[in-house]
Amino acid sequence: MGLTRAREGNGRSLDRERADCPVIALIGSPNVGKSTVFNALTGLNRHTGNWTGKTVDRAVGIMREGGERFALVDLPGCYSLVPTSPEEELTRDFVMSGEADCVVIVCDASCMERSLNMVLQTLAVTGNAVVCVNLTDEAAKKGVRVDTVRLSEILGVEAVPTSAANKKGLGELAKAIKRAAKGKKRFEKAEPRPMWREAERIAEEVTERDKDTVGAKQMKLDRFLTGRYTSLIVMLLLLALVFFLTMEGANLPSRLLGSAFEGALLRVRTALLNSALPEKLVLAFCDGGLATLMTVVSVMLPPMAIFFPLFTLLEDLGLLPRIAFNLDRSFCKCGSCGKQALTMCMGFGCNAAGVVGCRIIESPRERTVAILTNSLIPCNGRFPTLAALLAVLFAGAGGGALRALGLTGLILLSLAMTLLVSKLLSMTLLSGKPSSFILELPPFRKPRIGQIIIRSALDRTLFVLGRACAVAFPAGIVIWVLANCGNTPPIMGIAAFLDPAGRLMGVDGAVLLAFLLGLPANELVLPLLIMIYSGGGTLTGVGSAAVGAALFANGWSAKTAVCMLLLVLFHSPCATTLLSIRRETKSRVWTLAAALIPVLLGVVLCSAVNGIWTLLS
Amino acid sequence: MNEFALSELPLHGFCRVIRVEPCPAKLRLEGVGFTEGAEVVSLFRAPSGDPTAYSLRGSVVALRRSDAVNVIVRGRGEWA
């Protein structure tokens with residue numbers, strides 16, 4: 001998801017590793033588990049997901065075998081060496097450059113025919129190759145067996161059966177890689193051509209099939225998930241359930257963390273005030289920096305720690321491509337591509353990752369539409385803010401279901417706005433006809449629960465939280481200083497300056513200021529807002545009740561909460577996302593557009609809600 | 001047996017690919033395996049009737065109607 005530590009996408013890191021060890025390229029069709037093989041061989045943790053195009057750029061890792069080091073390069077998946085998209089080109093160019101000392105072609109044991117086309121194309125170029133027949137366990141369940149000994153004989157290179165997810169056959173694979181990399185070099189510059197005929201013949205010869213029982217079950221599940229009446233209901237229920245679990249589950253840990261922090265902060269504060277340090281410095285440190293940091297952790301951490309694993313679970317299961325399949329028609333009508341549904345789903349995790357993920361969309365026009373609309377989907381940084389605001393809005397008993405429904409409604413609004421903006425863009429700035437849509441629907445796979453929890457907790461939650469904290473502490477100090485220096489604190493002046501604009505949108509100047517200050521990390525908006533309201537004091541009490549009290553004490557009403565919710569959905573993408581957009585589009589104009597479109601939408605929607613609400617009451 | 005476009009294949013119908021007509025997506029269609037002789041079965045459609053999921057060379061691939069018209073096939077046997 002662009003959030004993993006293992007990512008070393010640039011060429012320089014490869015050159016550095018190259019100096020002293022052989023280079024091994026990892027290629028194969030999409031979704032055959034290349035990244036799982038890569039992680040297992042290198043001990044790194046590149047993020048994996050059960051859908052085509054999860055990996056969009058290359059990663060480098062070190063594999064150790066028999067006391068020697070090998071630089072392993074994980075390349076984006078492609079169906080053949082005849083490239084049809086930028087990331088397929090990346091793979092083709094790398095193989096054709098002869099830079100690799102050994103090419104490992106990862107195959108799906110249950111569809112060898114498809115995999116062998118790519119194997120044969122690669123073998124026409126290089127003799128230093130190993131065929132890794134992966135997913136053998138999954139194939140065995142479907143009654144498919146591959147005779148790897150016979151396959152080796154036919155191809156003239158080693159073929160190793162593996163099941164990387166279950167850590168089977170990896171030792172043999174590493175040994176085979178070493179042998180192939182050390183072997184006599186054979187490399188020819190040959191233009192790749194499709195080799196389906198030969199692939200069919202060889203697949204027929206090495207594959208044995210029993211009666212397939214899993215396939216029928218999968219098909220039933222697929223019919224259910226894409227059914228005319230069932231699909232919509234199932235998806236909405238699933239969405240609501242995920243939100244319900246997240247919000248209800250986050251309640252208690254949030255309160256516990258809050259009270260623990262409050263006690264600790266009080267003790268630190270008293271101890272520091274009794275020391276020889278200047279009072280102002282201590283207060284800025286405690287009431288400014290530490291207090292903001294603690295609010296960020298106690299309000300943001302619990303929902304993230306629950307939402308991430310749940311989301312990853314759906315991803316591992318193979319649900320996202322079905323969502324893209326179901327929604328393609330709607331996106332097509334709006335002049336964009338169904339794969340935008342995939343990048344949209346990635347946006348739930350992180351908008352920056354969603355923007356990078358847009359590379360899976362082949363047409364440049366549709367890719368730009370997807371990039372520009374990605375931040376209309378609330379990322380995990382904004383998600384806890386939405387949850388907290390909904391908790392304030394529906395505080396009473398039985399509010400749990402209402403909150404889940406409210407959040408589901410907001411997500412649907414986001415989806416509607418994504419479609420609307422896509423349509424408008426396709427009609428104006430980015431006019432054109434929708435291009436093709438070719439998407440593989442992977443088999444449903446049983447998620448690996450343990451791994452999901454570790455991956456999402458360590459990689460995603462800690463990364464996002466770490467970033468939030470790094471910004472929260474200094475931002476808290478800045479606000480405290482602004483709120484506590486001079487006779488008339490400057491923060492009042494700034495908030496008063498922004499107030500007329502805020503009032504027009506149904507909120508106030510402090511809210512706008514919080515959004516401006518929260519640009520580096522969206523998860524800061526609510527803690528900063530509370531900080532601004534309290535003028536640098538700490539939040540009294542804990543949990544959503546305290547948040548609500550702090551907000552309503554500052555002239556909030558239900559209308560303010562609703563407008564703020566809309567603004568959380570539609571405002572400028574965070575700094576990280578903007579940088580990603582700049583990198584992906586290579587255009588300042590598009591980056592500016594990506595920043596302005598959601599802002600414009602937010603301003604219009606909030607002003608409309610404010611106007612109608614005022615008229616009606 | 002007569003030729004027709006893949007988009008005309010009824011649900012659960014079976015056919016064999018003859019060729020892909022020249023179109024912007026030709027390379028990509030051939031890349032995923034829509035080449036001469038490939039067996040294709042139409043499996044299910046999205047709620048709105050488009051796109052359709054096809055079984056092809058051991059995997060499931062979804063195509064829009066507008067892309068499937070360019071894949072020329074023959075045979076219309078029922079899927080066992």
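Predicted model: local features only at pLDDT ≥ 70, side-chain atom pairs only at ≥ 80, totals over all residues.
Which residues in α23(A) meet which residues in α25(A)?

Residues are numbered from 1 along each chain as its sequence is written, and chains are lettered from A and ligands numbered from 1 in the order in which they are written.

Now the helix pair. From α23(A), the residues are Ala558, Lys559, Val562, Cys563, Leu566 and Leu567 of chain A, and they meet Gly602, Leu605, Cys606, Val609, Asn610, Trp613 and Thr614 of chain A in α25(A). Contact here means heavy atoms within 4.5 Å. By class, this contact has 9 nonpolar, 3 polar and 1 charged residues. Nonpolar covers Ala, Val, Leu, Ile, Met, Phe, Trp, Tyr, Cys and Pro; charged covers Asp, Glu, Lys and Arg; the others, Gly among them, are polar.

As for geometry, α23 spans residues 558–569 and α25 spans residues 588–616 of chain A; their axes come within 9 Å and cross at roughly 165°. Axes are lines fitted to C-alpha atoms, for helices over the stretch in contact, with angles from 0 to 180 degrees between N-to-C directions. Helices (H or I, at least four residues) and strands (E, at least two) are DSSP runs, numbered from the N terminus. The two helices are therefore roughly antiparallel, the term for angles over 145 degrees.

Next, domains, with bounds from an automatic or database domain assignment. Chain A has domain 1 (11–212) and domain 2 (230–432 + 449–616). Their centres, taken over C-alpha atoms, are separated by 40 Å.

A:Pro434 sits in the loop between α17 (399–427) and β9 (438–441) of chain A. Not counting residues up to four places away in sequence, A:Pro434 touches A:Cys332, A:Gly335, A:Ser336, A:Arg365, A:Glu366 and B:Arg64. Its relative accessibility is 34%, so A:Pro434 counts as partly exposed. Buried means under 20% relative accessible area, exposed over 50%, and partly exposed in between (1.4 Å probe, protein chains only).

Last, some backbone items. A:Leu135, in the loop between β5 (129–134) and α5 (136–141) of chain A, has a positive phi, near 60°. At 13% relative accessibility, A:Leu135 counts as buried. In chain B, a cis peptide bond joins B:Asp50 and B:Pro51, with omega about 0°.

Notes
Heavy atoms only, no water. Parallel < 35°, antiparallel > 145°, perpendicular 65-115°, else oblique.
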